[in-house]
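Biologist: I would like to go through the charged side-chain pairs. Could we take them one at a time?

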Amino acid sequence: MMKKIKFSLTVLVFAAIMTGCSSDDDLNVTPTASCSDGIQNGTETGVDCGGSCTPCENQAQKDGVIDSQDDPDLDPADLKGDVTADITLDANTAWTLTGSLTVKAGATLTIDPGTTIMAQPGGTNVYIAIEQDALIDAEGTADEPIVITSAATNKRSGDWGGLILAGKAPINSGTTAEAEVVGLTYGGTEADDSSGTLKYVKVEYTGARIGGEQEFNGITFYGVGSGTVIENIAVLNGDDDGIEWFGGTVSVKNALVVNAKDDWFDWTEGWAGKGNTNFFGVREFGYNDVTEDPRGIEADSNSSNNDASPRSNPTIDGLTLLHQSQIEMADMIKIRRGSSATITNGVIAILAAEGEDPGSASDFIDLTDGSGAAAATTSINVSAVGAADGSDVKNEVGATITVVDGNTGADASLFGWTGYTIPTIE
């Protein structure tokens, strides 16, 4: 019996030794390289790449800079960053603006006709800015406009910042200045500077506020030059001003502002665009959100030095300001602080909605201000319609103010591309 046990143990030990040798041999066999096993093996120079496998592609990481059309930061679902190369936003892609998209000097942002950009509600952190020496090429059409709007389910004014262009044309607050929002430098000596093109562009629910004196407008032109082409733009439901100019020489053809909480058209710091035509501003019945002093036009030149050069002195041919809300406007037109202007074929209308009482304005036209009156060279030709009081004119400077019957004002039919139905003036 003892011999049988010893024999069995001997067999077991021998088997264990043989098994161990077999395992050692297996471990010394070089495994076949695989391009998908997650191991650096065979002749691979890295995990699943190099050697006997096709080299791995290095996956680029987001870094906040968009330097090519293929850059991972050019993310349709998370569009933001500094644009340092020419890029295009196409109409077949759903774009969501989630932060600041800033086009840097030397780069061009192209937005194709029919493109819609949904701005994530983020207040002052969400905006599009074109820096000096950068360009925007946003050329929509009447059939395929470019729309930048809020992505909120319940859209509100102030959901996002707005659209900002900064150029190198003259201003009167210094050779250059820093924008009141986002810190852009603007101004210079190049009157014919170009920031690119805006055609058939509609922005909505803009006007996020940083503070009492710092707020985004719908579209803001900082020192933008006359080489910039601006035609057919619309700003709807903004929390501050609709369109504002800080100096510069750019002109705008066909501009619509609807339901701006503050001023509809606002300029300062020496804006001198000479080819402006067809401006239409509307405050609808029921839109009663206001700032302290909402105006149809608020025009300044320089409050510290009313005679600073260049003086604000734009020309506008074809202007309609239509007030239907029941709130009181501070002024329908306020020109002050050294600004001049030439406005022809203007209409100022205060009309009640059917069965309602009309709103009002503290002043029809006011050229006076505690920080300086308008320039005496100001010339305004306008008709008063409805409850607008054409005799309510403050003109201590002797400017040429002519209130006449029969002006046609802006041509509302040119704004059909916006999809907005402008109230009839009768």
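Biologist: Is aspartate 133 buried, exposed or partly exposed, and at what relative accessibility?

Modeller: In this predicted model, aspartate 133 has 43% relative accessibility and therefore counts as partly exposed.

Biologist: Which residue forms a salt bridge with aspartate 133?

Modeller: The partner is lysine 168, with the closest N and O atoms 3.3 Å apart. Lysine 168 lies in the loop between strand E10 (163-166) and strand E11 (177-178), and aspartate 133 in the loop between strand E7 (127-130) and strand E8 (135-139), so the pair ties together parts that are 35 residues apart in sequence.

Biologist: And what do the side chains of arginine 337 and aspartate 300 form?

Modeller: They meet in a salt bridge, at 3.5 Å from N to O. Arginine 337 is in the loop between strand E24 (328-335) and strand E25 (342-350), while aspartate 300 is in the loop between strand E22 (295-299) and strand E23 (315-323), so this pair links parts 37 residues apart in sequence.

Biologist: Are arginine 337 and aspartate 300 buried or exposed?

Modeller: Both are buried. Salt bridges with shared partners also join Asp300 and Arg337 into one network with Asp293, Arg295, Glu298, Asp331, Arg336 and Asp369.

Biologist: Turning to lysine 80, what is its salt-bridge partner?

Modeller: Lysine 80 pairs with aspartate 78, at 3.8 Å from N to O. Lysine 80 is partly exposed at 37% relative accessibility, and aspartate 78 is partly exposed at 23%.

Biologist: How many salt bridges are there?

Modeller: The count comes to 20.

Note on methods:
Residues numbered from 1 in each chain as written. Predicted model: local features only at pLDDT ≥ 70, side-chain atom pairs only at ≥ 80, totals over all residues. Heavy atoms only, no water. Salt bridge = Lys/Arg side-chain N within 4 Å of Asp/Glu carboxyl O. Buried < 20%, exposed > 50% of the residue type's maximum accessible area, 1.4 Å probe, protein only. Helix = DSSP H or I, 4+ residues; strand = E, 2+ residues; numbered from the N terminus.
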